[in-house]
2 protein chains.
Amino acid sequence: MVVEVRQRQADRSRGTRRKLMEATVDCLVERGWSGTTTILVAERAGVSRGAQLHHFRTRGELVAAAVEHLGAESVLVLKARAVGVGRSPVAVVGLIADFYASDLFSAALELWVAARTDPELKTIVLPLQTKIGRETHRLAVELLGADETRPGVREAVQITLDLVRGLALANQLADDRKRRAGIVRHWATMLEAALEES
Amino acid sequence: MVVEVRQRQADRSRGTRRKLMEATVDCLVERGWSGTTTILVAERAGVSRGAQLHHFRTRGELVAAAVEHLGAESVLVLKARAVGVGRSPVAVVGLIADFYASDLFSAALELWVAARTDPELKTIVLPLQTKIGRETHRLAVELLGADETRPGVREAVQITLDLVRGLALANQLADDRKRRAGIVRHWATMLEAALEES
DNA sequence: TAACAAACAGTCAAGACTGATTGTTAGCCG
DNA sequence: CGGCTAACAATCAGTCTTGACTGTTTGTTA
């Protein structure tokens, strides 16, 4: 019984933390970095301010946790979507481009930009960004079935990722889907050639 | 005499406004959007708070003016740098990529991201962004000596611009110059092929 | 069952930011 | 020379955000 109850408590605790972290991400998407206040997060999470402060003593702590959460979730989402996607360059580039056009990226972008001028945030975001960047690269290589030992292939994959980030940027202020699709298609063709080139 | 003095006054007024707008851009670069407070801007500009409020009654007014100023300056800077640059794709792509890696872009990015969740700012930034995007595209076409009537050329130029924006993003948190140079070189080769392809 | 710990709720004071109000100076006009 | 206006200065009140503090409920251990 003792163990069970402890489990129940731990579960609840974890649930509350999760709700807070997810509410933080939601706020980032809806209100942006400066609009993400602790009060708003608590309200959105349906958690009292006291409970919030119990779990995350400062805004920094909350954000740090949210960043980690966001990073983990991003990778998961991307991998999940990758299941069942064709291996053709168009499909793969489209997949990644669409992912970068999602709300998750908007939230990440808010953190990214804020981290530039916020040292505390930077120490959290920078290493995570590096890690996610690497993982995304690896996933792209895998999905494309690319052979990185061949000359130019590694660069082509890098171009793909930098390009989709640029496209994602253009998508922040207005719906850029149509233009994006055209560019994705065009780049996919070039990428295919680069991958197959002997 | 009357006219002269009026002129002197008008000059001073314009100078103060300019100082305020430039200080706003500086603050954006150094402190980010939420760190750009009216007080800080006034201090940086060496202008009293009263004078500031005299010229720009609200924060919104100040920012709107700064955005316009930034836009105009960006185009000028880019065009100025373009003078005397070789017409080879490597040189042109490098030029644009370096420009997007400058402080001016950091400031623009702050506004860009903030505008996503700030309707007032959005109404200012969006049209200007469209305009600058078009001008940059035109400039790139001109510098590259590209013939947009040929198939794929327009898309190749668009890819170039979206790519450099993606690269600029990666450059925000850490100095990415080395990696960027490699990608620029690689893409320039692909671009050259795309432009010359009959 | 009594002592204790963890989760949670509500209140409050300090500090920051914005914008409004009031006062001052320089130069023109009649 | 006195009134008048534009530019500028200084102060102040209201609002928002943060995090500290105190109290309450629920669960745990001896």
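**Entry 1: a salt bridge in chain B**

I began with Arg179(B), which forms a salt bridge with Asp176(B), the closest N and O atoms being 3.1 Å apart; the term stands for a side-chain nitrogen of Lys or Arg within 4 Å of a carboxyl oxygen of Asp or Glu. I noted that this is a predicted model, in which local features need pLDDT of at least 70 and side-chain atom pairs count only at pLDDT 80 or more, while totals for chains, interfaces and linings use all residues. Residues are numbered from 1 along each chain as its sequence is written, chains are lettered from A and ligands numbered from 1 in the order in which they are written, and side-chain values use heavy atoms, with hydrogens and water left out.

I then looked up the accessibility of both partners, taking buried as under 20% relative accessible area, exposed as over 50% and partly exposed as in between (1.4 Å probe, protein chains only). Asp176(B) is buried at a relative accessible area of 12%, whereas Arg179(B), at 26%, counts as partly exposed. Salt bridges that share partners join Arg179(B) and Asp176(B) with Asp162(A) and Arg165(A) into one network.

**Entry 2: Asp162(B)**

Next I followed Asp162(B), which is buried with a relative accessible area of 0%. Asp162(B) forms a salt bridge with Arg165(B), with the closest N and O atoms 3.5 Å apart, and Arg165(B) also counts as buried, at 16% relative accessibility. Because the two residues lie 3 residues apart in helix α8 (residues 153-173) of chain B, they are separated by about one helical turn; helices here are DSSP runs (H or I, at least four residues), numbered from the N terminus. Asp162(B) forms a salt bridge with Arg179(A) as well, the closest N and O atoms being 3.0 Å apart.

**Entry 3: the interface of chains A and B**

I counted what the rule finds across this interface, namely 4 salt bridges and 14 residue pairs in polar contact, both residues at pLDDT 80 or more. A polar contact is a pair of N or O atoms within 3.5 Å; within protein, one must be able to donate a hydrogen and the other to accept it, and residues adjacent in sequence count only if both atoms are side-chain atoms. On the side of chain A that touches chain B, α8(A) gives the largest share, 10 residues.

The contact (heavy atoms within 4.5 Å) takes 39 residues from chain A and 39 residues from chain B. I recorded a buried area of about 3500 Å², of which carbon and sulfur atoms give 68%; this is the accessible area (1.4 Å probe) that two parts lose on being put together, summed over both. In chain A, Arg116(A), Leu169(A) and Leu173(A) lose the most area to chain B, together 23% of what that side buries.

**Entry 4: helix α4 of chain B**

How many salt bridges does a search of the whole structure find over all chains? The search finds 19. I picked out Glu135(B) with Lys79(B), whose closest N and O atoms are 4.0 Å apart. This pair links distant parts of the chain, with Glu135(B) in helix α7 (residues 119-144) and Lys79(B) in helix α4 of chain B, 56 residues apart. Lys79(B) is partly exposed, with a relative accessible area of 44%.

I also looked up His69(B), which has its place in helix α4 (residues 59-82) of chain B and counts as buried at 15% relative accessibility. Leaving out residues up to four places away in sequence, His69(B) touches Arg18(B), Met21(B) and Glu22(B).
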